[in-house]
Amino acid sequence: MPAFVQSTLARAGSSIRTIACGVALLPLAAATAVAQRPQESAIAAKEAEYYRISTVAPPEGVVLEVGGLETMPDGRLAVATRRGDVWMIENPAAANGGQPHFSRFAQGLHEALGLAYHDGSLYTTQRSELTRLRDTDGDGKADVYETVQAWPLSGNYHEYSFGPVFGPKGEMTVTLNLAWVGYGESFVKWRGWMLQAGPDGKLAPFATGFRSPSSFGYNLEGDLFYAENQGDWVGSGGITHVERGDFVGNPKGLKWSGEPGSPVTLKVSDIPDTGEPKFEAAKKIPHLKTPAVWFPHGILGISTSAILVDSTRGAFGPFAGQLFVGDQGHSKIMRVALEKVNGVYQGVVFPFREGFMSGVFREVWGKDGSMYVGQTSRGWGATGRAQYGLQRLVWTGKAPFEAHHVSVRPDGFEIFFTAPVDRATAENLGSWSVNSFIYKYHHIYGSPVINQSAHAVRAAVVSKDGRSVRIAVDSLRQWYIHEIRMSGVRAAGGGAPLLHDVGYYTVNQIPGGKTLAVKPTAPRATGTSEVPGTAPTRVPESNPPAPAVSTASAPPGAAPSASPSNSSTSSATGSSASPTRGGATGSVLAKHQTTMPAEWNGTVDQTVSVQGVEGLKFSLPAFDVKPGARVKLDFANTSDMLHNLVVVKPGTATKVGEQAMRLGLDGAKLDYVPRSADVLFHTALLEPQKSEAIYFVAPTTPGEYTYVCTFPGHYVTMQGTMRVGR
């Protein structure tokens, strides 16, 4: 690993820097912050009754793209930014009618993506080093920038570095992102690794298998968890318990496992690439960790981020000890309740709070028990429309009626609530539904939902105090995600519905014990779709092979299969509106037409090429077609995320995008294209570095038709205009 560096760089401030760093109360850009605030959804309005969001507006000219947050011992809020500054904010809560005071503590850093206070100093991680910042003369500005340890860079844009986080024993942890070249890669030592330092301050390899480990933190028991995003070898996001020597899934970091000090002995060639679920691979691979809690992709976020344990002892509401996990892409926060079964962590994730102004990236507790939420979206995109933001989340003192936590039982689950339930509705089996599913483990970017199965709820028994309900379900499935819907459950003494009526429990272990007495039923088909058996292949050292073409058929009336690599054949599925006519013969064209109609005789009127590029954008903001023209549209996804291109009727892009976000477990099967008359034409959902051509006849009515990416959350910013008749 890189040689330990203990250099002290006393960076003398020039006159310009001294002025810039001077403590001042600068004019606030409150009007700008309000203008950028997204329109509040119906659920966000309900959530606001219990948890209120307010904005800490930065001074005019301050670009507060939050990369790190820390609360100082005196109550000030320290903020590191992706632009390389560290700001100190006095009175961030605007207490007693005052205003926050911003002063710059440090500058000139290389994309600081973490911040922590320890033993009188601030620590931050830059791209190539862990840095300690010290104010030795007490003037409120860092005058010593000390390189604690450095590591090499290849120059790839995706080589982010995160942290540090200090553990309960003073241990210091950082993580190093993989590079991205159409797939994750570790070009230089320790990329794709978690590094940890003991009392001597020297970082050493701790675990590997990481793809984009932007966030990590501890629970109250002192165990370490990290958040991962969907990508290659990662079917969906989630949080994983990490211990020394673990391999958490992405094999690229294993190229350094033979280096001195590595606690991992696996090699890249040890990892099978079969597309079977991750838990099946873990049965064969020592130390391969599966998530403690999976977060269903597109349902509970797309870019899992900050992890913050509720250590407020009730100051933040009824969820003490649970984890609040952010999502950068969906601008929201989820809530996780963990338990240990047979010594293994597992648990449930619930929706918690949406409606933040930008992408949620960092969280920290204020001295008063409120939560500060640091946000950024530049280059990454988010449903919150602002490019950045700093907001404060405060409990109003009113407890929501929620499922508090879930415990697995031998034959089902016991759900605990924040208030007594209405016995009649809670014991009505129609109030409940349970479905299970999982994801593929393979080199391909992401995964559709696979092996989905419904489980009959056989019994529901309310506890004497009304605060919990035990449900018995058919055939719990070990290692699977279980969707628990409680749509019919009401509160006692008023009949209020749950604020959020669904949770997703990851059953890594099934305990022993007594079961509920229920009447037996005849065996029934579950409708489970198993992953086709394939011969194991080995992980490539460089560019992965192209994935096999899916032959699965879509459900009647649905969009084509969500396999990122679709065959170039036409499909008439998904046509919920009047289809277009292909030419003089009047043949019907599909909304997803991937072959040229025969009656076109090998010619098109216009060819348009569009790319999905970094920053949730299309390469063309607009293009022109003639009314009724025969169009070939070439769409290439050159970014590092999943994208599609959907042409919709004028004025319906937001509506269609919101419909796509509500597709739930069916979204991936439908390419996240809603079955809507507003959808005119669309591509498949493409993984990075894939392309597809579609054919359509342009509308005959002149106007501006939006094309949009309907992958969950992308519709907010990823739009363009097809101008007909100009």
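This is a predicted model: local features need pLDDT of at least 70, side-chain atom pairs count only at pLDDT 80 or more; totals for chains, interfaces and linings use all residues.
Residues are numbered from 1 along each chain as its sequence is written, and side-chain values use heavy atoms, without hydrogens and water. Local features need pLDDT of at least 70 and side-chain atom pairs count only at pLDDT 80 or more, whereas totals for chains, interfaces and linings use all residues.

A nonpolar core is a set of buried Ala, Val, Leu, Ile, Met, Phe, Trp, Tyr and Cys residues joined through side-chain atoms within 4.5 Å, where buried means under 20% relative accessible area with a 1.4 Å probe, protein chains only. The largest such core has 34 residues, and Val610, Phe618, Phe623, Leu645, Val647, Tyr707 and Met722 have the most contacts inside it. Among the elements that give two or more residues to this core are β38 (606-613), β41 (630-637) and β46 (719-724); strands are DSSP runs of E, at least two residues, numbered from the N terminus. β41 gives the most, with 3 residues. Beyond its neighbours within four places in sequence, Met722 is in contact (heavy atoms within 4.5 Å) with residues including Phe623, Val647, Phe696 and Tyr707. Another core, of 29 residues, lies apart and includes Ala337, Phe413, Val489 and Tyr505.

A cavity is a set of points on a 1 Å grid over the protein atoms alone where a 1.4 Å probe fits but cannot get out; lining residues have an atom within 4 Å of a point. There are 6 cavities of 30 Å³ or more.

Notes: On a 1 Å grid over the protein atoms alone, a cavity is a set of points where a 1.4 Å probe fits but cannot get out, and a pocket is an open set with protein on both sides within 12 Å along at least five of seven lines; lining residues have an atom within 4 Å of a point. Grid points are joined across faces, edges and corners, and a volume is the space filled by probe spheres set on the points. Buried means under 20% relative accessible area, exposed over 50%, partly exposed in between (1.4 Å probe, protein chains only). Helices (H or I, at least four residues) and strands (E, at least two) are DSSP runs, numbered from the N terminus.
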